[in-house]
Amino acid sequence: MNLKLPCLWLLSVFFVFNSYAQQEYPTNRQVEQRLKQMAGSGNAKLISLTKTEGGQDIWALQLGKGDMENKPAIAITGGVEGFHLLSVELALKVSENILREHSEILEETTFYVFPNMSPDAYGQYFSDMRYERRGNSAKIDQDRDGELSEDPYEDLNKDGWISKLRVESPMGNYVPHQSDSRVLVKADEKIKRDEKRYMLYSEGIDNDKDQKFNEDPEEGIAFNKSLTYKFPYFEPYAGDFPVSQKESRALLDYLFERWNIFAFVTFGPANNLSTALKFNKPEAEKRVVTSMLEKDVKLNEMTSEIYKETIPQKAYNQDNQGTDGDFFQWAYFHFGRLSFSTPGWWVPEVMEEKAQNAAKTDSVSNGKIKHTPETNFLAWAEREGLEDVFLPWTEVNHPDFPNQKVEVGGIKPFAMINPPYEMTDSIASNHTDFIIKLAEIQPKLELHNLKVEKLGRGLTRVTVDLFNNSPLPTHSELGGKSRWLQKLQIRLSKDKKDILAGNTIKLVDKLEAYEMKTLSWIVGGGTANLKIGAPHTGFVKRNVKL
């Protein structure tokens, strides 16, 4: 007997989820390798939905056991924005954590994971010229001037980053921040113009001489700006019509065949978890609804409380609760599901500094210097000992500004959105806990108090209480109005001629949280099989002896 084989097998299992003890965010190739390792470990299935214009796969990872399509499911999405590296890592690590540490939840819940919906843009981080890219590799005339990509990004100081460009000018409307002169802020026009002023642009050259910089780069459509809800017509990165790209079409086609999804968790810029959305009555009463409905706002508030109890970090400067054409809002308004979104991490708030002999300005109030998101980030980075987060202002010669002092520099792209990689383990662990808690409160149908009463002459009355044992209703309020969320089906398998009262099949619109509904039939003898539910609630079954 070869005693080495069991040892080799154990080592292979260990390396399934531990071979990426890396110190940097994964490349597209490394993402694929991790997904394939999960798919080979059991309880996971991996498919490619399509390939992007840039030749990258759009992966769908399905986690579950048994009849996965007929039990409640949560869809987890990362990479809705290509510059959000953390979102891809969270989708991967949460999946790995579920398989490794929470496999029991797969008995009751299915997970559909789409780790990266913007792989073309995501790959820019690993290129020779790094910038926060949104669009895929489609050839698009972003500024609609009849020419393709005639005004792209240029790395003027050849440092491998596209940062900011500042031009010293008395006509500028930016000034150095009083607590950190590296950061420029909008000038207070009430203050005398005796301070050094700058014009501020994205690093590059105005190639088409329209006084705009980098407005027609070599990139195409942004996934998170091209969905159907509030589609931003005629805006850059949106496309000519909604869902114009292969990746968005493939994802939506896949989702419309997954009737069992009851909730979405999107890792993206939008945030309705640390701060719940507000109910807007006029917007909710429009023919085309543009506000989350009132009962769904209550569900958002409840879920937000669970999130804040689970995620220890307090949100700072998180006011993005959805943008036109984004995925998070599409999942609710056009797909009828509960939809939650979080960036996963934000720069912690740093206490404001005391202003020493400073005049009151937009950045000084009540004797304290007010932080901007940029100065707050730099103060936090200094406190944490992070040194490589700022590109020093470096003077360059610029053809658009002859005889003027022009510098490039600023906070490194990606740094304010994506934490150091070594922080991702704890962030993913917390978000895994939240998603498990969300799965644990999914709609749960139960049958109670089954009674079989003989009425004589071969007839029997069957009564049973159907109970939703969950703080969530079986349907969101908007989902109840949507054709994309199936109603509860109550099916009694019995020949129609043997049913004197009640229906063989009955549809119920919804059950509220902890609501009970009593069902009753009068039937002939023999046996009957009772099956109640919908794909997104799961099904309960009972064999009834009459």
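Guide: What follows is a chat about confidence, the pocket, the cavities and a helix pair.

Visitor: What am I looking at, and what is the mean pLDDT of the chain?
Guide: This is a predicted model. The chain has a mean pLDDT of 89, and 92% of its residues reach 70 or more.

Visitor: And where is the pLDDT below 50?
Guide: One such stretch is residues 1-20, which has 14 contacts in the model beyond near neighbours in sequence. Another is residues 354-362, where pLDDT stays under 50 and the model has 17 contacts beyond four places in sequence. Where pLDDT is low, the predicted coordinates should not be read in detail.

Visitor: Got it. On to pockets: what volume does the largest one have?
Guide: The largest pocket comes to about 1400 Å³. It is lined by 47 residues, and those closest to its centre are Glu132, Lys164, Glu374, Met416 and Ile417.

Visitor: How does the lining of the largest pocket split by class?
Guide: It has 27 nonpolar, 9 polar and 11 charged residues.

Visitor: How many cavities of 30 Å³ or more are there?
Guide: The structure holds 5 of them.

Visitor: Which residues lie nearest the centre of the largest cavity?
Guide: Those are Phe262, Leu338, Thr474, His475 and Ser476, out of 13 lining residues. By class, the lining of this largest cavity has 7 nonpolar, 5 polar and 1 charged.

Visitor: And what lines the second largest cavity?
Guide: Its lining includes Thr52, Met117, Arg134, Asn136, Phe223 and Glu247. Helix α4 (residues 119-122) gives the most to this lining, with 3 residues. The lining of the second largest cavity divides into 5 nonpolar, 4 polar and 3 charged residues.

Visitor: Changing topic: at what angle do α7 and α10 cross?
Guide: Helix α7 (residues 294-310) and helix α10 (residues 424-440) cross at roughly 145°, and their axes come within 9 Å.

Visitor: Is that crossing left-handed or right-handed?
Guide: The crossing of α7 and α10 is right-handed.

Visitor: Which residues meet there?
Guide: From α7, Thr303, Ile306, Tyr307 and Thr310 meet Asn430, His431, Asp433, Phe434, Lys437 and Leu438 of α10. The residues of this contact divide into 4 nonpolar, 4 polar and 2 charged.

Notes. Residues numbered from 1 in each chain as written. Predicted model: local features only at pLDDT ≥ 70, side-chain atom pairs only at ≥ 80, totals over all residues. Heavy atoms only, no water. 1 Å grid on protein atoms, 1.4 Å probe; cavity = no way out; pocket = protein on both sides within 12 Å on 5 of 7 lines; lining within 4 Å. Points joined across faces, edges and corners; volume = space filled by probe spheres on them. Nonpolar A, V, L, I, M, F, W, Y, C, P; charged D, E, K, R; others polar. Helix = DSSP H or I, 4+ residues; strand = E, 2+ residues; numbered from the N terminus. Axes fitted to C-alpha atoms, helices over the stretch in contact; angles between N-to-C directions. Left-handed = near helix turned anticlockwise from the far one by under 90°. Contact = heavy atoms within 4.5 Å. pLDDT = per-residue confidence, 0-100.
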